[in-house]
Amino acid sequence: MSYSKGKTKSRGSFVVLVILAAFWLIPTVGLFITSLRAKGEAQTSGWWDVFLNPFSQDWDLSSYTTVLTENKLGTSFISSLAVTIPATVLPLLFAAYAAFGFTFLKFRGREFFFSVIIGLLVVPIQGALVPVLKMFISFTDKTGIEISGQYAAAWFVHSAFAMPLAIYILRNYMMTVPNTLIEAARMDGASNFTIFWRLVLPISVPALASFAIFQFLWVWNDYLIAFVFVGNERPVLTYTLLAMLGQYGEGWQAVAAGSFISLSVPLLVFFTLQRYFIRGLTSGAVK
């Protein structure tokens, strides 16, 4: 009897999850259908009309052709990759070093410094735009090295503000590594550097992958930081999509096609690293 009740609850939960997923996917489905419809039909009827009159639709791929050939989407695609990949790898690398130190190294004020880092999570990135921009300008005036307007500026800002969360996630995961394993490595003569690279880092791949998904999505979909610190000379995808919309919104169908092309990369990253996602987030949550 209890088994049948548990099975019924499991089926009910599955149905609820399917319904929630369907509602969540509605905007994406609408975006995809709009990008494939003929311009005249898309302007005179809603995308849901496809389901009401499925055999009277005129499908058209001209939006994708226009986006790929006339709107410099390829250049913006490369710019987004040039911003996103380093801005994902750099905070992971430095945060992994920091998390290792906070987990396995004993030094004075360790918990205090960790608390300060966690407190930085509440600092909004928008509130630091002007101070950071002034810092870049001052650095350029003193050294002659141009940072603002380059990809490196976005790398610095995204990495700096991603560090607190990355350290928090990685430290929680590294705390699940048995201390006996670390002590055994030290007894065998392994240095902290060797323990980090050959033992702790490979074990921490699920947590690294989990944060990499978050960071990649945040940076890939970012408009503000790329616009302020990189500018329109090296436009990222979000900037190009906004420019495609036009002053009066006349290019919204091209935006639908461009948005779906942009959407393909985060989906690829998520499904590639999906098997690590839940494991990396939940490890360390329960002792």
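Helices (H or I, at least four residues) and strands (E, at least two) are DSSP runs, numbered from the N terminus. Welcome to this predicted model, in which local features need pLDDT of at least 70, side-chain atom pairs count only at pLDDT 80 or more, and totals for chains, interfaces and linings use all residues. Residues are numbered from 1 along each chain as its sequence is written, and side-chain values use heavy atoms, with hydrogens and water left out.

Figure 1. The protein chain has 287 residues, and 38% of them are buried (under 20% relative accessible area, with exposed meaning over 50% and partly exposed in between; 1.4 Å probe, protein chains only). Its accessible surface comes to about 17100 Å² (Shrake-Rupley method, 1.4 Å probe; for residues, only the protein chains shown count as cover). Carbon and sulfur atoms account for 68% of that surface. Take the contacts (heavy atoms within 4.5 Å) between residues at least 6 apart in sequence: 73% of them join residues at least 24 apart.

**Figure 2. The largest nonpolar core has 28 residues.** A nonpolar core is a set of buried Ala, Val, Leu, Ile, Met, Phe, Trp, Tyr and Cys residues joined through side-chain atoms within 4.5 Å. Phe-100, Phe-104, Leu-170, Ile-182, Ile-195 and Val-200 touch the most other members. At least two residues of this core come from each of α5 (73-104), α6 (110-119), α8 (151-174), α9 (179-187), α10 (192-203) and α11 (205-220). Another core, of 15 residues, lies apart from it and includes Val-67, Met-244, Val-255 and Ala-257.

**Figure 3. Here is a closer look at Phe-104 and its contacts.** Not counting residues up to four places away in sequence, Phe-104 touches Met-174, Val-177, Asn-179, Ile-182, Arg-186 and Val-200.

**Figure 4. Ser-76 sits in helix α5.** At 2% relative accessibility, Ser-76 counts as buried. Its side chain makes a polar contact with the side chain of Thr-240, at 2.3 Å. Such a contact is a pair of N or O atoms within 3.5 Å; within protein, one must be able to donate a hydrogen and the other to accept it, and residues adjacent in sequence count only if both atoms are side-chain atoms. Beyond its neighbours within four places in sequence, Ser-76 is in contact with Pro-235, Val-236, Leu-237 and Thr-240.

**Figure 5. α5 packs with helix α13 (residues 237-245).** The angle is about 150° and the axes are 8 Å apart; axes are lines fitted to C-alpha atoms, for helices over the stretch in contact, and angles run from 0 to 180 degrees between N-to-C directions. The two helices are therefore roughly antiparallel (over 145 degrees). On the α5 side the contact uses Leu-73, Ser-76, Phe-77 and Ser-80, while α13 brings Leu-237, Thr-240, Leu-241 and Met-244.

**Figure 6. Thr-238 is found in helix α13.** This residue is buried, with a relative accessible area of 18%. The side chain of Thr-238 reaches the backbone oxygen of Asp-222 at 2.8 Å. Leaving aside neighbours within four places in sequence, Thr-238 is in contact with Trp-220, Asn-221, Asp-222 and Tyr-223.

**Figure 7. Arg-37 lies in the loop between α1 (2-36) and α2 (39-44).** Arg-37 is buried, with a relative accessible area of 2%. Arg-37 and Ser-63 are 26 residues apart along the chain, and their C-alpha atoms are separated by 8.7 Å. Residues up to four places away in sequence aside, Arg-37 touches several others, among them Trp-47, Asp-49, Trp-59, Asp-60 and Gln-253.

Note on methods
Angles under 35 degrees count as roughly parallel, over 145 as roughly antiparallel, 65 to 115 as roughly perpendicular and the rest as oblique.
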